Amino acid sequence: MTALEMPAPPVVAALSGAGGSLAEAAEAALWSVGDRELAELVVAAGRVVAQAQGVLLRLVGEADARTALTAGGAASTAAFLRHRLRLSPAEASACAKTARATRTAAVATGAACAAGRITAGQATAITRAVAELPTAVRADAERTLLDQAAIHDPVVLGRLGRRIAAHVD
């Protein structure tokens with residue numbers, strides 16, 4: 001490396017390593033795994049997926065803030081995601097909106113997703129619900145919904161968010 005070359009940011013190595021580890025796991029023989037351990041592995045894989053979704057949201061949020069995804073000609077962040085990640089229009093829009101929200105207004109939700117404690121779907125439900133609330137109660141509502149995310153899916157979280165909004169009005 002010359003004096004002018006910069007080392008790659010740590011996130012590049014981390015994503016590369018994660019991809020290699022996942023490829024290894026995808027090819028691992030499962031015949032020797034017991035039923036109980038297999039069930040635990042399904043849950044562990046779900047946490048890894050949630051973490052990956054959290055990393056994606058974080059990257060999309062940063063790229064969106066810098067307009068890095070539209071600099072190459074994409075009409076919007078959602079359009080970039082739809083084209084490059086082959087997401088449906090609804091998925092791309094939800095990802096872009098959730099990424100923006102977890103970068104600015106619902107940072108705790110983004111951190112929970114990146115840690116694998118909640119899924120991207122749960123993060124979307126929480127950020128949508130919190131965005132509808134008066135600013136003064138958003139942080140408390142976000143904490144409440146994050147607590148509830150440990151036991152509820154995105155649909156129920158959306159309902160809980162609407163109930164919170166009804167009580168705030």
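**Exercise 1. How close do the axes of H6 and H7 come, and at what angle do they cross?** Then classify the pair and describe the contact.

*Solution.* Note that the structure is a predicted model.

Step 1. Two packed helices are described by the angle between their axes and the distance between the axes.

Step 2. The axes of H6 and H7 come within 10 Å. They cross at roughly 155 degrees.

Step 3. Angles over 145 degrees count as roughly antiparallel. H6 and H7 are therefore roughly antiparallel to each other.

Step 4. The crossing of H6 and H7 is right-handed.

Step 5. List the residues in the contact. H6 supplies Ile126, Ala129, Val130 and Ala131. H7 supplies Arg138, Ala141, Glu142, Leu145 and Leu146.

Step 6. Sort them by class. The contact of H6 with H7 has 7 nonpolar and 2 charged residues, and no polar ones.

**Exercise 2. Work out how H7 packs against helix H8 (residues 154-168).**

*Solution.* 

Step 1. Start with the geometry. The angle between H7 and H8 is about 150 degrees, and their axes lie 10 Å apart.

Step 2. Apply the cut-off of 145 degrees. H7 and H8 are therefore roughly antiparallel to each other.

Step 3. H7 passes H8 in a right-handed crossing.

Step 4. Find the partners. On H7 they are Val137, Ala141, Thr144, Leu145 and Gln148. On H8 they are Leu157, Leu160, Gly161, Ile164 and Val168.

Step 5. Count by class. The contact of H7 with H8 holds 7 nonpolar and 3 polar residues, with no charged ones.

Step 6. Look back at the H7 residues. Ala141 and Leu145 take part in the contact with H6. Ala141 and Leu145 also meet H8.

**Exercise 3. Classify the packing of helix H3 (residues 77-85) against H4.**

*Solution.* 

Step 1. H3 and H4 pack at an angle of about 130 degrees. Their axes are 8 Å apart.

Step 2. Test the angle. Over 145 degrees would be roughly antiparallel, and 65 to 115 roughly perpendicular. The value of about 130 degrees makes H3 oblique to H4.

Step 3. The crossing of H3 past H4 is right-handed.

Step 4. Name the contact residues. From H3 come Thr77, Ala78, Leu81 and Arg82. From H4 come Pro89, Ala92, Ser93, Cys95, Ala96 and Arg100.

Step 5. Divide them by class. The contact of H3 with H4 has 6 nonpolar, 2 polar and 2 charged residues.

**Exercise 4. Which residues of helix H5 (residues 107-114) are buried, and why do they line one face?**

*Solution.* 

Step 1. Pick out the buried residues of H5. They are Thr109, Gly110, Ala112 and Cys113.

Step 2. Look down the axis of H5. The buried residues fall within an arc of 160 degrees, so they line one face of the helix.

Step 3. Find what they pack against. The partners are helix H2 (35-65), helix H4 (89-104), helix H6 (120-131) and helix H7 (135-148).

Step 4. Zoom in on one residue of H4. Thr102 sits in helix H4. Thr102 counts as buried because its relative accessibility is 9%, and the cut-off is under 20%.

Step 5. Trace the neighbours of Thr102. Leaving out residues up to four places away in sequence, Thr102 touches Leu57, Val107, Thr109, Gly110 and Thr127. Thr109 and Gly110 are among the buried residues of H5.

Step 6. Check what comes after the helix. H5 is followed by Gly116, with a positive phi near 85 degrees.

Technical notes:
Residues are numbered from 1 along each chain as its sequence is written. This is a predicted model: local features need pLDDT of at least 70, side-chain atom pairs count only at pLDDT 80 or more; totals for chains, interfaces and linings use all residues. Side-chain values use heavy atoms; hydrogens and water are left out. Buried means under 20% relative accessible area, exposed over 50%, partly exposed in between (1.4 Å probe, protein chains only). Helices (H or I, at least four residues) and strands (E, at least two) are DSSP runs, numbered from the N terminus. The arc is that of the directions from the helix axis to the C-beta atoms. Contact means heavy atoms within 4.5 Å. Axes are lines fitted to C-alpha atoms, for helices over the stretch in contact, and angles run from 0 to 180 degrees between N-to-C directions. Angles under 35 degrees count as roughly parallel, over 145 as roughly antiparallel, 65 to 115 as roughly perpendicular and the rest as oblique. A crossing is left-handed if the near helix is turned anticlockwise from the far one by less than a right angle, and right-handed if clockwise. Ala, Val, Leu, Ile, Met, Phe, Trp, Tyr, Cys and Pro count as nonpolar, Asp, Glu, Lys and Arg as charged, and the others, Gly among them, as polar.
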